[in-house]
Amino acid sequence: MEQRTFTRLGRHVGVVGLGAWQLGADWGRVDEADAMAVLAAAVDSGVTFVDTADVYGDGRSEQFIGRFLRSRPAAGLTVATKMGRRVEQRPEAYTAENFRAWTDRSRANLGVDTLDLVQLHCPPTAVFADDRVFDALDALVADGRIAAYGVSVETCDQALTAIARPGVASVQIILNALRLKPLDRVLPAASAAGVGIIARVPLASGLLSGRYDEHTTFAPDDHRTYNRHGESFDVGETFSGVDFGTGLAAVRRLAPLVGTGRTMAQFALRWVLDQPGVTVVIPGARDAEQARRNAATAGLAPLTPGELAAVRDTYDELIRPQVHDRW
C-alpha cells in the first residue's frame, strides 16, 4: 500500500486506514469476533493506521484494539485515539488533570505505555485559542504519556486555528465527495505546515457506498437513526450534514462514473486519496470483506480529470447550498 508521511509525528502510514467508531458503538452491534476479524482483515490488507476514541462504546473500541495489538505485536500499527467527549462540553473541562486521567485510561484500554497520537475530540471552539490547553498537551508528550497530539475538528476555521499551533501533528476533518470545503484552505495550509490530514467520514456515513435508497432504515442504536437532526452530537457527523434525500440524488448522479473494476465506495474513497494534502483516510468497516475492499482502493488508478470535475459539479449544484457555509 502507498505510504504517506505524518511529518510532525515522524511516521509513515498506509494511505487507507481504519476508522474504529463502529467497533465500539453507534452503528449497531458489533461483537468481539467481528471486531477482531475486521482488524485482522485490515492489517493483512496493508492498513497500518487505526483511529479510535475513548468514547466509542465508552472504551470498548479501544479495548478491542488493545487485544488485537497483544495478539499481533508485530503488526506495526499506529493507533490514534481521541479524548474529551466523555464529559460535558465546556472549555473549563480541558485541564491538565483531566488530560492525565483520560490518557491514562486510554493507555490501560490499549495496553500501551505511550499513546501514538491523541486528538482532542471536536472540542468547543474556545479550546483552540487556549494556550493552557496546548501547554498541557506538550507536558503529556514530555512525560511520555503520548508521542504526539492533534485535533479532530468540526469546522474549517477550527482546523486553520489548530494548524497554526506548532505542536499539532494532525488535524482530523470530514472530507468526502459531499463535503469539499476543506479543499479550499485547510488542506493547503496543513501541507505547508507539515500537519497531517486524517480524512474522516469519507463515505458520508455510508451514503457514498451506493447501497441505500429511500426505503433504507437503520437500527435504533445507529446514529443514522437517532442523530439525523443533530439530536445527540453535531449533525455534520451523520451523512456529513446532508439531507438524506439530497445525498441519494447526488450519489445517483455520480454512480454512472463508477464503471467496472471498482465499487461506488471505492470511487468515493479514491476521490479522497486524490486530494493533495491528505495523509490517510479512515473508512469504517462492519465486516472483514468491507475492510479488504476499502484497503484495495489504494491500488486503484486515480480518478480522471473528468471524474474529478463531475464530483465538483455535483457538489456545487446539489450539496453546496446545504453544507458549505455551515462547517
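**Reading the model**

Analyst: Helix H9 (residues 264–273) is mostly covered, with 10 of its 10 residues buried. Buried means under 20% relative accessible area, exposed over 50%, and partly exposed in between (1.4 Å probe, protein chains only). Helices (H or I, at least four residues) and strands (E, at least two) are DSSP runs, numbered from the N terminus. This is a predicted model, in which local features need pLDDT of at least 70, side-chain atom pairs count only at pLDDT 80 or more, and totals for chains, interfaces and linings use all residues. Residues are numbered from 1 along each chain as its sequence is written, and side-chain values use heavy atoms, with hydrogens and water left out.

User: Which elements do the buried residues of H9 pack against?

Analyst: Contact means heavy atoms within 4.5 Å. The buried residues of H9, including Phe267 and Trp271, pack against strands E1 (3–6), E9 (196–200) and E10 (280–281), and against helices H8 (244–254), H10 (288–296) and H11 (305–323).

User: How many disulfides are there, and why?

Analyst: A disulfide is a covalent bond between the sulfur atoms of two cysteines. The rule applied here asks for a pair of cysteine sulfur atoms within 2.5 Å, and by this rule the count is zero. The sulfur of Cys122 is 13 Å from the closest cysteine sulfur, in Cys156, which is too far for a bond. Cys122 counts as buried because its relative accessibility is 7%, and Cys156 counts as buried at 8%.
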